[in-house]
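The tour below goes from one selection to the next.

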Amino acid sequence: MSEENELSQIFEILGGDFGHAGSVSTKVKEILKEVGIDPSIIRRAAIVAYEAEMNVVMYARKALFALTLTPGQIHFKIEDEGPGIPDIELAMQEGFSTATEEMREMGFGAGMGLPNIRKNADRFLISSLVGRGTMLSVYFFLNQESRG
Amino acid sequence: MSQYYYHSIRFDQEKCKGRMKCLRTCPTQAIRVRGRKAVMIEERCIDCGECLNVCPSGAIVPLTDPFGELTRFRHTVAVPSPALYAQFGREILPHKILAGLKKLGFDDAFDLAYTCGEVSFAIQEFLREYQGPKPVISNACPTVVRLIQVKYPDLIDLLIPVNTPREIAAKNIKEKKSKQYGLAEKEIGTFYITPCPVKMISIKQPAEKGKSYLDGALSISDVYGPLLSAMEGVEKESYRKALESICILGIGWAMVGGVCRTLRLRNSLAVSGLTEIIKVFDDIERGRLRDIDFLEAYSCPQGCVGGSLTVENVYSSYNKILKLIETLEFEKIKACPDIREVRRLYAQKYFFLDRKIEPRPLSPLDDDLGRAIKKRKQKEEIYEALPKIDCGACGSPDCLTFAEDVVMEKAQLFECVFMLPERFRELFEELIGLFNKALFINQGSRPGEKDYKKDKKD
């Protein structure tokens with residue numbers, strides 16, 4: 001694959017920045033629309049990008065969100081500096097959440113974030129180091145025939 | 001790739017002074033200024049009419065029908081948007097407005113609010129059984145439908161498949177009147193009295209690509225003056241009796257939130273104004289608002305009462321409709337369609353759109369994904385070099401769009417005033433190069449330098 005056909009962009013997400021929460025996923029979504037990715041894939045990617053972004057805003061100090069787009073796939077890598085996840089298996093269960101009362105009142109932290117990411121991704125990898133941070137790697141495979 | 005789209009607005013090249021207000025206000029970046037004249041990119045325009053409202057030169061003209069259109073038909077029926085009632089409120093009630101319309105030259109005037117009421121019930125029925133993704137989005141505003149088709153194609157399945165009251169009414173009128181008078185359906189002219197120009201396109205080019213049952217649209221602002229004089233002689237009915245003929249569900253369609261309020265939907269949202277709608281649609285795309293059942297969205301502020309072809313101040317007409325609803329609630333007047341009849345028709349699929357609304361997403365940067373990615377990368381690189389102040393002097397609405405126009409070879413980089421010094425430097429270097437070359441060629445006779453010096457002394 002030639003590098004010419006590869007688009008990489010890195011976005012910064014700040015923990016606790018609810019005012020701008022969602023702006024990275026909006027930018028990612030715009031890029032995917034402009035190059036003509038299938039709407040159903042965009043919809044899944046937008047949900048994943050948003051859930052990942054919200055996880056950073058709610059729990060981490062900051063993170064880098066790297067988008068890499070090639071004709072074959074979309075790849076998101078979200079690496080945060082934060083508390084990390086002690087028990088990933090538990091965190092992957094629907095409904096499990098460590099969100100505060102306030103977050104829940106605002107409609108966040110229903111314990112659907114990570115399960116939702118896994119559900120919408122074609123491939124999903126997660127690794128975490130307690131006290132250091134969490135790394136998510138998410139892939140969407142692009143079927144050339146499905147492009148309009 | 002290019003496809004012809006009908007649009008309800010036209011740019012008058014004579015009147016356009018290239019003042020760029022439209023350029024900056026367009027929510028879908030569908031306008032460019034080329035050679036000091038505004039031009040429209042047809043594929044991008046969603047007919048919201050924002051440009052119409054800001055043009056200081058009156059160069060953007062809505063294409064509604066003139067009164068003369070009525071003569072094309074044997075029998076004509078006015079179908080006024082409930083927003084027409086909102087212009088008058090409790091002072092002049094619908095029954096008098098309908099009588100006034102008849103005096104203006106229509107053979108009949110139909111109370112669209114009644115059909116709106118039927119459709120409100122049909123929406124209620126639809127939502128009761130609905131199991132799919134949420135929120136279901138109202139399709140009453142053609143601009144919202146087009147915004148989804150163009151910019152949010154992935155939300156297309158959320159649009160409610162129930163047809164709009166104006167189309168259902170027009171279909172009904174044609175069927176009934178043609179039987180009643182022994183005329184062909186095409187001899188019956190149905191004219192929507194519209195608060196906005198976008199309804200005109202939904203007639204000429206329905207979003208679902210079917211055929212509209214309406215034959216034309218007259219603007220509220222064109223009708224208003226003649227209607228006021230026509231209503232002068234109309235016999236007054238008692239206030240109570242006039243009130244009792246108003247369908248409370250139907251008049252709710254004139255204002256944002258009116259459908260949800262009069263249906264008493266518990267879990268619904270109402271939003272108006274394109275910037276606000278875009279925020280809400282972005283949220284839906286992120287997977288939020290999934291717990292909301294129904295979303296009423298209108299491109300004009302406060303709903304149809306805020307249409308660019310209305311007369312009364314938008315907040316005043318909003319208030320007039322609200323007060324009318326409150327009066328009807330207080331008096332416990334419903335005058336609504338029979339819900340059992342609506343349910344019977346609903347079961348027969350009477351309220352549904354004939355066809356599915358298909359998305360029409362903007363063309364990607366390139367049909368080949370590899371090349372599209374490359375172009376997106378170039379766009380980002382160009383954008384990084386631009387001043388990012390979105391001055392619009394280049395004729396594109398903002399720096400990011402300009403970068404795209406450059407990549408798509410629809411604009412040249414030096415059209416950005418901030419790129420001009422760089423362009424000057426290039427040209428200057430080119431000139432110096434040429435000059436040196438000329439000097440070198442002519443070195444034999446060495447005329448250049450000598451003559452130049454001599455000239456100077458003279």
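Among contacts in chain A between residues at least 6 apart in sequence, what percentage join residues at least 24 apart? The share is 64%, where two residues are in contact if their C-beta atoms, placed from the backbone, lie within 7 Å.

This is a predicted model, in which local features need pLDDT of at least 70 and side-chain atom pairs count only at pLDDT 80 or more, while totals for chains, interfaces and linings use all residues. Residues are numbered from 1 along each chain as its sequence is written, and chains are lettered from A and ligands numbered from 1 in the order in which they are written.

**Chain A as a whole**

Select chain A. It holds five helices and five strands; helices (H or I, at least four residues) and strands (E, at least two) are DSSP runs, numbered from the N terminus. Read from the N terminus, their order is β-α-α-β-β-α-α-α-β-β. Of the 148 residues of chain A, 37% count as buried. A residue is buried if 20 or more other C-beta atoms lie within 10 Å of its own, exposed if 12 or fewer, and partly exposed in between, with C-beta atoms placed from the backbone.

**Strands of chain A**

Next, select β2(A), residues 62–69. Its covered face consists of Ala63(A), Phe65(A), Leu67(A) and Leu69(A). The uncovered face has Lys62(A), Leu64(A), Ala66(A) and Thr68(A). In a regular strand the side chains alternate between the two faces of the sheet.

Leu7(A) is opposite Leu69(A) of β2(A). A hairpin of three residues leads from β2(A) to β3(A).

**A helix pair in chain A**

Select α2(A), residues 39–59, and α5(A), residues 113–120. Their axes come within 9 Å and cross at roughly 155°; axes are lines fitted to C-alpha atoms, for helices over the stretch in contact, and angles run from 0 to 180 degrees between N-to-C directions. That makes α2(A) roughly antiparallel to α5(A), a term for angles over 145 degrees. In α2(A), the residues that meet α5(A) include Arg44(A), Ile47(A) and Glu51(A). On α5(A), look for Gly113(A), Asn116(A), Ile117(A) and Asn120(A).

**Where chain A touches chain B**

Show both chains. The contact takes 25 residues from chain A and 17 residues from chain B. On chain A, α1 (23–35) and α2 (39–59) each supply at least two residues of the side that touches chain B. Which of them gives the most? That is α2(A), with seven residues.

**Chain B**

Select α5(B), residues 112–129, and α7(B), residues 165–181. They pack at an angle of about 115°, with their axes 9 Å apart. Leu112(B), Thr115(B), Cys116(B) and Val119(B) of α5(B) make the contact with Pro165(B), Arg166(B), Ile168(B) and Ala169(B) of α7(B).

Finish at α17(B), residues 399–407, where seven of the nine residues are buried. Among them are Cys399(B), Phe402(B) and Val406(B). The buried residues of α17(B) pack against α16 (369–385) of chain B. Just after α17(B), Glu409(B) has a positive phi of about 60°.

How values were computed:
Pairing = 2+ DSSP bridges. Parallel < 35°, antiparallel > 145°, perpendicular 65-115°, else oblique.
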